[in-house]
Amino acid sequence: MVLGAAGWWCLLLWLPACVAAHGLRIHDYLYFQVLSPGDIRYIFTATPAKDFGGIFHTRYEQIHLVPAEPSEACGELSNGFFIQDQIALVERGGCSFLSKTRVVQEHGGRAVIISDNAVDNDSFYVEMIQDSTQRTADIPALFLLGRDGYMIRRSLEQHGLPWAIISIPVNVTSIPTFELLQPPWTFW
């Protein structure tokens with residue numbers, strides 16, 4: 001979409017009204033905080049799937065974020081037992097976002113966080129959409145930047161831990177800006 005001078009003026013001064021008038025879409029963000037391990041005790045930003053998956057009806061003060069094995073989660077998971085009643089961290093690639101979400105759901109996961117497989121991605125959020133199969137999923141599905149996913153997995157490997165402990169979702173509007181513990185590798 002190309003905006004004329006009036007469109008740019010509108011965008012700069014009246015963004016909320018322009019969104020409705022011009023059909024621009026701003027990402028909805030959902031936040032979670034890693035509580036353990038301590039070296040990645042940050043508030044991370046994720047985006048929910050656009051047209052599939054559920055929503056968070058409950059705030060989980062402490063729940064495990066379990067990296068799926070294999071990491072792409074396109075079939076049977078060797079650690080599926082540990083994902084039951086927890087949240088799975090999977091990696092993009094190999095199959096559709098919906099397929100990954102369904103695999104985690106079939107293993108009893110409460111949600112799935114899909115990190116980009118481009119580990120240098122620290123700013124581009126992918127819009128996760130339904131595949132063409134007409135299947136559905138009931139659990140929430142979130143997209144996480146590749147750098148964030150990589151840093152979480154790396155920390156777990158360095159500490160020899162099978163999972164992180166997280167709080168999700170986190171209401172960042174109640175946290176003063178200077179207290180937001182965002183990852184130092186992500187710049188806004």
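How much space lies in the largest pocket? About 200 Å³, in this predicted model, and the views below take us there and beyond.

View 1. Let's get our bearings before zooming in. Starting at the N terminus, the elements follow the order α-α-β-β-β-α-β-α-β-β-α-β. The protein chain has 188 residues, 44% of which count as buried. Among contacts between residues at least 6 apart in sequence, 69% join residues at least 24 apart. The chain exposes about 10100 Å², and carbon and sulfur atoms supply 56% of that area.

**View 2. The largest pocket, with about 200 Å³ of space.** Here 16 residues form the lining, and those closest to the centre of the pocket are P67, A68, E69, L161 and P162. Three elements, β3 (60-67), β4 (87-91) and α5 (146-159), each contribute at least two lining residues. What is the lining made of, in nonpolar, polar and charged residues? It divides into 10 nonpolar, two polar and four charged residues.

**View 3. S96 and its partners from elsewhere in the sequence.** You will find S96 in the loop between β4 and α4 (97-106). Leaving aside residues up to four places away in sequence, S96 touches D131 and R135. Q130 is also worth a look here: 34 residues separate S96 from Q130 in sequence, while their C-alpha atoms are 8.0 Å apart in space.

Note on methods. Residues numbered from 1 in each chain as written. Predicted model: local features only at pLDDT ≥ 70, side-chain atom pairs only at ≥ 80, totals over all residues. Heavy atoms only, no water. 1 Å grid on protein atoms, 1.4 Å probe; cavity = no way out; pocket = protein on both sides within 12 Å on 5 of 7 lines; lining within 4 Å. Points joined across faces, edges and corners; volume = space filled by probe spheres on them. Helix = DSSP H or I, 4+ residues; strand = E, 2+ residues; numbered from the N terminus. Nonpolar A, V, L, I, M, F, W, Y, C, P; charged D, E, K, R; others polar. Buried < 20%, exposed > 50% of the residue type's maximum accessible area, 1.4 Å probe, protein only. Contact = heavy atoms within 4.5 Å. Areas by Shrake-Rupley, 256 points an atom, 1.4 Å probe, with all protein chains shown as cover.
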